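This report describes the fold of one protein chain and then looks at a few of its local features. Please keep the sequence and the structure in view while reading.

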Amino acid sequence: MSEVSADQIARELRLTPEHMLTLRALQARMLRRDWEDERKPSARSTKQDRLQRFVAAAIDEVLTSGALPPALAEELTAVTHKHFLDQLHGLTSLAPTLAQKVHPRSASVVILAELITFSPWTDATTWGPGVRKTELRTAADALTALRTTDLDAMTNEFESLMKALRRKSIKWGRVAAGGLSLNRCFGPTS
(Lines give C-alpha, C1' and ligand atoms only; values in the text may rest on other atoms or scores of the structure.)
Protein backbone atom coordinates (compact mmCIF):
# COMPACT_ATOMS: atom_id res chain seq x y z
CA MET A 1 0.00 0.00 0.00
CA SER A 2 1.46 3.38 -0.94
CA GLU A 3 1.56 6.31 1.41
CA VAL A 4 -0.54 9.34 0.47
CA SER A 5 1.03 12.71 1.17
CA ALA A 6 -0.76 15.71 2.64
CA ASP A 7 -0.11 17.55 -0.63
CA GLN A 8 -1.83 14.81 -2.62
CA ILE A 9 -4.85 14.94 -0.32
CA ALA A 10 -4.97 18.74 -0.53
CA ARG A 11 -4.84 18.61 -4.34
CA GLU A 12 -7.66 16.06 -4.41
CA LEU A 13 -9.84 18.15 -2.08
CA ARG A 14 -9.16 21.51 -3.75
CA LEU A 15 -12.13 22.87 -5.65
CA THR A 16 -11.66 24.11 -9.19
CA PRO A 17 -13.05 27.55 -10.14
CA GLU A 18 -16.05 25.80 -11.71
CA HIS A 19 -16.60 23.82 -8.51
CA MET A 20 -16.38 27.06 -6.52
CA LEU A 21 -19.01 28.58 -8.79
CA THR A 22 -21.18 25.51 -8.16
CA LEU A 23 -20.76 25.92 -4.41
CA ARG A 24 -21.59 29.64 -4.53
CA ALA A 25 -24.62 29.03 -6.75
CA LEU A 26 -25.93 26.37 -4.35
CA GLN A 27 -25.30 28.63 -1.35
CA ALA A 28 -27.08 31.51 -3.08
CA ARG A 29 -30.01 29.20 -3.79
CA MET A 30 -30.20 28.27 -0.09
CA LEU A 31 -30.09 31.93 0.92
CA ARG A 32 -32.68 32.89 -1.70
CA ARG A 33 -35.13 30.26 -0.53
CA ASP A 34 -34.70 31.33 3.09
CA TRP A 35 -35.15 35.01 2.20
CA GLU A 36 -38.26 34.29 0.12
CA ASP A 37 -39.81 32.25 2.95
CA GLU A 38 -39.07 34.83 5.67
CA ARG A 39 -42.25 36.47 7.01
CA LYS A 40 -40.85 38.92 9.60
CA PRO A 41 -40.17 42.25 7.83
CA SER A 42 -37.03 43.10 9.82
CA ALA A 43 -35.51 39.63 9.35
CA ARG A 44 -36.49 39.66 5.67
CA SER A 45 -34.71 42.99 5.20
CA THR A 46 -31.60 41.71 7.00
CA LYS A 47 -31.58 38.54 4.90
CA GLN A 48 -32.04 40.49 1.67
CA ASP A 49 -29.10 42.72 2.51
CA ARG A 50 -26.89 39.72 3.32
CA LEU A 51 -28.05 37.92 0.18
CA GLN A 52 -27.28 40.95 -2.02
CA ARG A 53 -23.78 41.22 -0.61
CA PHE A 54 -23.25 37.47 -0.93
CA VAL A 55 -24.32 37.37 -4.59
CA ALA A 56 -22.13 40.33 -5.57
CA ALA A 57 -19.12 38.87 -3.74
CA ALA A 58 -19.68 35.38 -5.18
CA ILE A 59 -19.87 36.64 -8.76
CA ASP A 60 -16.79 38.80 -8.24
CA GLU A 61 -14.89 35.90 -6.63
CA VAL A 62 -15.45 33.47 -9.48
CA LEU A 63 -14.91 36.03 -12.23
CA THR A 64 -11.62 37.24 -10.78
CA SER A 65 -10.34 33.66 -10.59
CA GLY A 66 -9.87 33.96 -14.35
CA ALA A 67 -10.15 30.22 -14.81
CA LEU A 68 -13.81 29.72 -15.68
CA PRO A 69 -14.77 28.30 -19.03
CA PRO A 70 -15.44 31.26 -21.38
CA ALA A 71 -19.17 30.57 -21.77
CA LEU A 72 -19.71 30.61 -17.99
CA ALA A 73 -17.56 33.71 -17.57
CA GLU A 74 -19.58 35.50 -20.27
CA GLU A 75 -22.88 34.46 -18.67
CA LEU A 76 -21.82 35.80 -15.28
CA THR A 77 -20.24 38.95 -16.69
CA ALA A 78 -23.54 39.74 -18.41
CA VAL A 79 -25.33 40.05 -15.05
CA THR A 80 -22.67 41.85 -13.02
CA HIS A 81 -24.09 45.34 -13.61
CA LYS A 82 -27.73 44.35 -13.55
CA HIS A 83 -30.28 44.69 -10.76
CA PHE A 84 -29.86 42.45 -7.72
CA LEU A 85 -32.72 40.12 -8.68
CA ASP A 86 -31.20 39.58 -12.12
CA GLN A 87 -27.83 38.81 -10.54
CA LEU A 88 -29.49 36.44 -8.09
CA HIS A 89 -31.36 34.64 -10.85
CA GLY A 90 -28.24 34.52 -13.02
CA LEU A 91 -26.27 32.83 -10.26
CA THR A 92 -28.92 30.48 -8.85
CA SER A 93 -30.11 29.30 -12.25
CA LEU A 94 -26.66 27.78 -12.82
CA ALA A 95 -26.84 25.60 -9.70
CA PRO A 96 -28.66 22.48 -11.01
CA THR A 97 -26.65 22.14 -14.22
CA LEU A 98 -23.30 22.81 -12.57
CA ALA A 99 -24.03 20.45 -9.67
CA GLN A 100 -24.69 17.55 -12.04
CA LYS A 101 -21.27 18.08 -13.65
CA VAL A 102 -19.24 17.96 -10.42
CA HIS A 103 -16.75 15.10 -10.56
CA PRO A 104 -14.86 13.46 -8.92
CA ARG A 105 -16.96 12.37 -5.96
CA SER A 106 -14.46 14.00 -3.57
CA ALA A 107 -15.36 17.43 -5.01
CA SER A 108 -19.05 16.74 -4.42
CA VAL A 109 -18.28 15.69 -0.83
CA VAL A 110 -16.30 18.89 -0.22
CA ILE A 111 -19.15 21.00 -1.66
CA LEU A 112 -21.70 19.19 0.48
CA ALA A 113 -19.53 19.65 3.59
CA GLU A 114 -19.32 23.38 2.82
CA LEU A 115 -23.10 23.55 2.47
CA ILE A 116 -23.70 21.67 5.72
CA THR A 117 -21.43 24.03 7.65
CA PHE A 118 -22.67 27.15 5.83
CA SER A 119 -23.81 29.63 8.47
CA PRO A 120 -24.50 32.96 6.77
CA TRP A 121 -26.89 34.60 9.19
CA THR A 122 -25.68 36.79 12.03
CA ASP A 123 -27.23 39.10 14.62
CA ALA A 124 -29.78 36.54 15.86
CA THR A 125 -31.07 35.89 12.32
CA THR A 126 -31.56 32.17 11.72
CA TRP A 127 -32.65 29.77 9.01
CA GLY A 128 -36.40 29.49 8.55
CA PRO A 129 -38.02 26.26 9.74
CA GLY A 130 -37.11 23.42 7.42
CA VAL A 131 -35.50 25.58 4.73
CA ARG A 132 -31.91 24.55 5.41
CA LYS A 133 -32.79 20.84 5.56
CA THR A 134 -34.87 20.99 2.38
CA GLU A 135 -32.21 22.92 0.47
CA LEU A 136 -29.45 20.57 1.62
CA ARG A 137 -31.50 17.63 0.30
CA THR A 138 -32.07 19.45 -3.01
CA ALA A 139 -28.34 20.18 -3.32
CA ALA A 140 -27.34 16.62 -2.43
CA ASP A 141 -29.75 15.25 -5.04
CA ALA A 142 -28.31 17.62 -7.67
CA LEU A 143 -24.72 16.55 -6.86
CA THR A 144 -25.05 13.29 -8.78
CA ALA A 145 -21.57 12.03 -7.83
CA LEU A 146 -22.70 11.66 -4.21
CA ARG A 147 -24.03 8.46 -2.73
CA THR A 148 -27.62 8.50 -1.52
CA THR A 149 -26.44 8.09 2.08
CA ASP A 150 -23.84 10.90 2.04
CA LEU A 151 -26.07 13.73 3.22
CA ASP A 152 -27.44 11.83 6.22
CA ALA A 153 -24.02 10.50 7.20
CA MET A 154 -22.33 13.89 6.92
CA THR A 155 -25.15 15.73 8.69
CA ASN A 156 -25.04 13.22 11.57
CA GLU A 157 -21.27 13.63 11.88
CA PHE A 158 -21.54 17.42 11.86
CA GLU A 159 -24.28 17.39 14.50
CA SER A 160 -22.26 14.99 16.68
CA LEU A 161 -19.23 17.24 16.40
CA MET A 162 -21.26 20.32 17.35
CA LYS A 163 -22.74 18.51 20.39
CA ALA A 164 -19.27 17.44 21.50
CA LEU A 165 -17.98 20.99 21.18
CA ARG A 166 -20.91 22.33 23.21
CA ARG A 167 -20.21 19.76 25.95
CA LYS A 168 -16.64 20.99 26.18
CA SER A 169 -18.04 24.25 27.54
CA ILE A 170 -14.97 26.33 28.18
CA LYS A 171 -15.38 28.88 30.92
CA TRP A 172 -14.36 31.86 28.76
CA GLY A 173 -14.98 34.27 31.65
CA ARG A 174 -12.35 32.44 33.69
CA VAL A 175 -9.96 32.41 30.74
CA ALA A 176 -10.35 36.17 30.32
CA ALA A 177 -9.94 36.77 34.06
CA GLY A 178 -6.80 34.62 34.04
CA GLY A 179 -5.46 36.64 31.13
CA LEU A 180 -6.07 39.87 33.01
CA SER A 181 -4.26 38.48 36.05
CA LEU A 182 -1.27 37.50 33.93
CA ASN A 183 -1.26 40.90 32.30
CA ARG A 184 -1.14 42.59 35.71
CA CYS A 185 1.74 40.35 36.80
CA PHE A 186 3.85 40.45 33.65
CA GLY A 187 2.68 43.59 31.87
CA PRO A 188 1.42 43.80 28.31
CA THR A 189 2.76 41.15 25.94
CA SER A 190 3.01 43.37 22.89
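**Overall fold**

The model is predicted. Its protein chain holds 10 helices and 0 strands, and the order along the sequence is α-α-α-α-α-α-α-α-α-α. Of the 190 residues in the protein chain, 35% are buried. Among contacts in the protein chain with a separation of 6 or more, 75% join residues 24 or more positions apart. The accessible surface of the protein chain is about 12,000 Å², and carbon and sulfur atoms contribute 55% of that surface.

| Helix | Residues |
|---|---|
| α2 | 17–37 |
| α3 | 41–64 |
| α4 | 70–79 |
| α5 | 84–92 |
| α6 | 95–100 |
| α7 | 105–117 |

**The pair α2 and α7**

Two packed helices are described by the angle between their axes and the distance between the axes. For α2 and α7, the angle is about 35° and the axes are 10 Å apart. The crossing of α2 and α7 is right-handed. On the α2 side the contact is formed by H19, T22, L23, L26, Q27 and M30, and on the α7 side by A107, I111, E114 and L115. By type, the residues of this contact are 6 nonpolar, 3 polar and 1 charged.

**The buried side of α4**

Which residues of helix α4 are buried? They are L72, L76 and V79. These residues lie on the same side of α4 because they cover an arc of only 60° around the axis. The exposed residues P70, A71 and E74 sit on the face of α4 turned away from its buried side. The cover over the buried residues of α4 includes α2, α3, α5 and α6.

**W35**

W35 is a residue of helix α2. Its relative accessible area is 9%, which is under the 20% cut-off, so W35 counts as buried. Leaving aside residues up to four places away in sequence, W35 touches R44, K47, Q48, L51, F84, L85 and L88. One of these, L51, is 16 residues from W35 along the chain, and the C-alpha atoms of W35 and L51 are 7.9 Å apart.

**A cis peptide bond**

Most peptide bonds are trans. The bond from H103 to P104 is cis, with omega near 5°. P104 is located in the loop between α6 and α7.

Conventions: Residues numbered from 1 in each chain as written. Predicted model: local features only at pLDDT ≥ 70, side-chain atom pairs only at ≥ 80, totals over all residues. Heavy atoms only, no water. Helix = DSSP H or I, 4+ residues; strand = E, 2+ residues; numbered from the N terminus. Axes fitted to C-alpha atoms, helices over the stretch in contact; angles between N-to-C directions. Left-handed = near helix turned anticlockwise from the far one by under 90°. Contact = heavy atoms within 4.5 Å. Nonpolar A, V, L, I, M, F, W, Y, C, P; charged D, E, K, R; others polar. Buried < 20%, exposed > 50% of the residue type's maximum accessible area, 1.4 Å probe, protein only. Arc of directions from axis to C-beta. Areas by Shrake-Rupley, 256 points an atom, 1.4 Å probe, with all protein chains shown as cover.
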